[in-house]
Amino acid sequence: MLILRTLIFGSEHGQGIARAIQRTSGEELLVEHGALYPALQRLEERGWITAEWGISANNRKARFYSLTDAGRERLGKETTKWKRLTTAIGRILEAEEE
Amino acid sequence: MLRRKRKASDFDAEIKAHIELEAERLQEEGLGEKDARAAARRIFGNTTKARERFYEYGRWLWWDHFWQDLRVGARSLWRAKGLTFTVVMTLALGIGANAAIFSVVRGVLLRPLVNREEDRIIYIRQSAPELSLENMTFSVPEINDLKARATTISAFGDFSTIELTLLGFGEPRLVRAGVVGGSYFEVMGLRPALGRLLSAQDDGPGAASAVVLTYRFWTSAFNSDPTVVGKSIRLGRLTGAIVGVLEPSVPYPADTEIIANMVTSPHHLGATMNTDRTHRMTEIFGRLKPGASVEAARAELTAAHGGIMREHPEAYSARANVRLSVTPLRDQITAPARTILLTLLASAGVVFVIACSNVANLILARSIRREGELAVRAALGASHGALRRTLLAESLALCGSGAILGALLAWPLVSVIARFAARFSVRALEVTVDSAILWVGAGLAIAAAVLLAYAPRLPSSKASTGFGLASGGVRITTGTNRRLRVFATTQIAFSFVLLAAAGMLVAALIALQAANTGYDIRHVLAFDVPGSSPQGVDFFAEVKRRIDELPGVDGVALGSFVPWRDAGRWSVYQFAVEGYTPADGEENPYARPRFVGPGFFPALGIPVLAGRDFTDADRRDGERVVIVSQSIAQRLFPNGDALNRKLWLTESRYELRNRVEPARIVGVAADVDDENVARSRAMTIYYPYRQFALGPVNRLFVRASGDPYALVPAVTRIIREVSPERPVERPATLEDVRAEVLEPERMNTFVVSGFAGIALLIAVVGVSGVLAFSVSARTREFGVRLAVGATPQNLLAGVLWDGVRIAAIGIVAGAAGSFALASVAERFFGAVRLPGALPLIGAAAALIGAASVASLIPAARASRVDVTQALRSQ
């Protein structure tokens, strides 16, 4: 889901995605970059992202991933589900505090 | 797994790009180049793991590994060629034999008939087993009586066989014709492949002559010509029209070329056929009424038949004890074959199980030697599942090749077995190889492979450490070894019995083929020349005169009976001779009648021991004369004065009424046995055909000085010139006739020898397996013995001796077993032929020789044991 979200802003290569997640989470989520790739593979197989070799900002070859329409739709669904889950958990936690 | 995959190299490139980008980024943030690179790699994580996960994603790994194992297994099997070959061949034999026999069983016993509603068709037969008349057939008055009294049968179909000469289609030829009533095809539920079949409209003396071709005849003689319907054909003196072609179906009760209506056969319309209660030649079928059962029909028909017999006692011989049998059609066609085929199937199954166990032995022996390898792999992390998979791949490779080879083997095997089964059931001729074979083969192979893969025990996790890696433990307990030995010994015993039986049959066959028949079989050509001649022509006198003039002809004669081929054509008749009275309590003796022309005896090479041969003077208006065989002269007149006595037949049977004039014995001919293949004393009376004949005299014999077959065209031409519409059928030397008659014996011998051969092979493999197993288990012992001074030759000899000992015990057991079997069989079946010394010795020698050869490989392996390796194992 995080990957899909990152790609909303445009296509990005693997390293860029890793950095973006790190940065946007406020350095809270530090992952091994290599661990991203199985997820990318899965998303690609399911047709939610597509990939193409391209040139990066510094003139290096890299494989760029972009969101598909189906992927966008999926992101919407997943985000809604996530929000509902966290709201529910939040309510339980708050109720306990009282 | 089958989608278009992204290449691994592509992903590698992506990883590399990622790391470089990260390194660049870190450099921008202030790290030095080397540090940035190192940090980038660290942040990425384990590249190998990433690559592995990429590779594994979406792949069914088990399958992937399996293919790998298959390749590795195939390679290692290729290295062990001897074992592979033996196992593959054993499996091929087992699978092939089973698949072939199963095909035949399915084709003969299980396949439904093409006849519509076949379970409502019954076959009715009357027989007199005490007179050796298995099938008396019926006469028309008898059938009419049965028809009138049967309420459980909705319709009867009748079928009789006659021979007619077919003219106008190439050479005149003799065809067998089934003559049927209009209801026959309806009762049998058959359909036409072309045109129509006979029906009620073709009944009665006023109908036109109509003929239906059988399917096989249509394809062979008419080349499946679709325009054949409506054509007219000449049969003897009549002309008939072809109205249709019958669909392919089982030819029962007789294999005929055509099926015709009654009008086509003048005999069928005559008084004899229709009024004489004892003139029997027709078979009947019935179709049950809806709701009637076979049992009900049987009860009713038997009662009706009993009533008919009581009303007309003169038509039934008192001694005969005639009885009626009613069988469903399918049972009648398949029953004789059922026992044989099921026995074959059972034996093939047993053979397969034995073959598999032998194969398992061999594989087990091999896996003992591989224990080390398996243990190392287990230690390196292979799971039990992975190890099983390796074993499974290898055993599948083996069994798969065995199955493919077996399927190939099954093809010719099916034709051999079908030919053998055809003696018992006509359906066997239609058996073809079908895909059932492949399924059976594949199923058997997979079953075998799985069994083999799970047989070896894998290294357990409780293995002791250190160099005791191969410690699945000594699973060769003495119990196992003894069990295996007993098994191998049993196989040898079995093979011995089969080999002895085969040897016996082969010896008997050779004796039969070499026996002196009493004829000069190599130089005499025999022809069937049935049919009739134009008016006023003395066919045989003319033909004889002309053939005599041909170069290379030593003699020509007419006869009524081709030896062995015409067996059963006439029965025996009682006779009396003046001056001979049978002893008290004995009846008049029985003899076979033969009707011959002058020159018969010299033409066939039968010596006339006393008196004279027939001459042209022995004609209808002359004195009645006969020639008797030696056994008559010797038995009735031991002091040798049989000549010039009067002889007459004393039978009161219908055919002989008014024709039993006494005749004078003018000659004595040497004994020949023309009915049985194995010679016996045969009392024969020869009549000159012009004076007396009980049936058509239409066999021609030509004695050649050179190659008899070279005369066939000339003789045929002469016969055609004299009598253009006579078929000339089946020219063959007596030698070839005899060979053809011996065919069933040959078939039997072949089949039993085949079984014996297979049993021998299996036993050999069994011995080899036992020894291989034992040698593998005794590696340490051999090492010790080598270390204390034994030579490799000692070890080799020891193992060889072991093998021979197993064989010897097996042979003794087999001999004892077969004697016991023979005495048991004697009690049930009467005298049983025991093999002479020669087949027994031959079988024993063959087995010992085979066992020695089988022992060589394990023995060689024993002698090549490396002392240090052996001492270290375990």
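Residues are numbered from 1 along each chain as its sequence is written, chains are lettered from A and ligands numbered from 1 in the order in which they are written, and side-chain values use heavy atoms, with hydrogens and water left out. Because the model is predicted, local features need pLDDT of at least 70 and side-chain atom pairs count only at pLDDT 80 or more, while totals for chains, interfaces and linings use all residues.

**Chain A as a whole**

- Chain A contains four helices and three strands; helices (H or I, at least four residues) and strands (E, at least two) are DSSP runs, numbered from the N terminus.
- Read from the N terminus, its elements follow the order α-β-α-α-β-β-α.
- Of its 98 residues, 35% are buried, where buried means under 20% relative accessible area, exposed means over 50%, and partly exposed lies in between (1.4 Å probe, protein chains only).
- Among the contacts of chain A with a separation of 6 or more, 42% are between residues 24 or more positions apart; a contact means heavy atoms within 4.5 Å.

**Chain B as a whole**

- Chain B has 26 helices and 21 strands.
- It has 874 residues, and 48% of them are buried.
- Of the contacts in chain B between residues at least 6 apart in sequence, 80% link residues at least 24 apart.
- Its accessible surface is about 41,600 Å², with 59% belonging to carbon and sulfur atoms.

**The sheet in chain A**

- Three strands of chain A make an open, antiparallel sheet in the order E1-E3-E2; two strands pair if DSSP finds at least two bridges between them.
- Strand E1 (12-13) and strand E2 (49-55) of chain A are at the edges with a single partner strand each, so one side of each has no neighbour in the sheet.
- E1(A) pairs with strand E3 (residues 61-67) of chain A in the antiparallel sense, over two bridges.
- A:Glu12 has A:Tyr65 in E3(A) as its bridge partner.
- Helix H1 (residues 8-28) of chain B lies across E1, E2 and E3 of chain A and runs at about 100° to E3(A); axes are lines fitted to C-alpha atoms, for helices over the stretch in contact, and angles run from 0 to 180 degrees between N-to-C directions.

**A four-stranded sheet in chain B**

- Four strands of chain B form an open sheet with antiparallel pairing, in the order E12-E20-E11-E21.
- Strand E12 (553-559) and strand E21 (729-733) of chain B stand at its edges; each has a single partner strand, so one side of each lacks a neighbour in the sheet.
- On average, neighbouring strands of this sheet are turned by 15° against each other, direction ignored.
- Helix H21 (residues 734-741) of chain B packs on the sheet and touches E11 and E21 of chain B, with its direction at about 105° to that of E21(B).
- Strand E11 (residues 524-528) and strand E20 (residues 699-704) of chain B pair in the antiparallel sense over five bridges.
- B:Asp528 has B:Arg699 in E20(B) as its bridge partner.

**Helices in chain B**

- B:Glu300 is in helix H11 (residues 294-311) of chain B.
- The C-alpha atoms of B:Glu300 and B:Ala150 are 6.8 Å apart, although 150 residues separate them along the chain.

**Backbone details in chain B**

- The peptide bond from B:Tyr252 to B:Pro253 is cis, with omega near 5°, and B:Pro253 lies in the loop between strand E7 (238-246) and strand E8 (258-261) of chain B.
- B:Ser224 is not a glycine but has a positive phi of about 55°; B:Ser224 is partly exposed, with a relative accessible area of 31%.
- B:Trp564, also not a glycine, has a positive phi near 70°; B:Trp564 is buried, with a relative accessible area of 5%.

Key
Areas by Shrake-Rupley, 256 points an atom, 1.4 Å probe, with all protein chains shown as cover.
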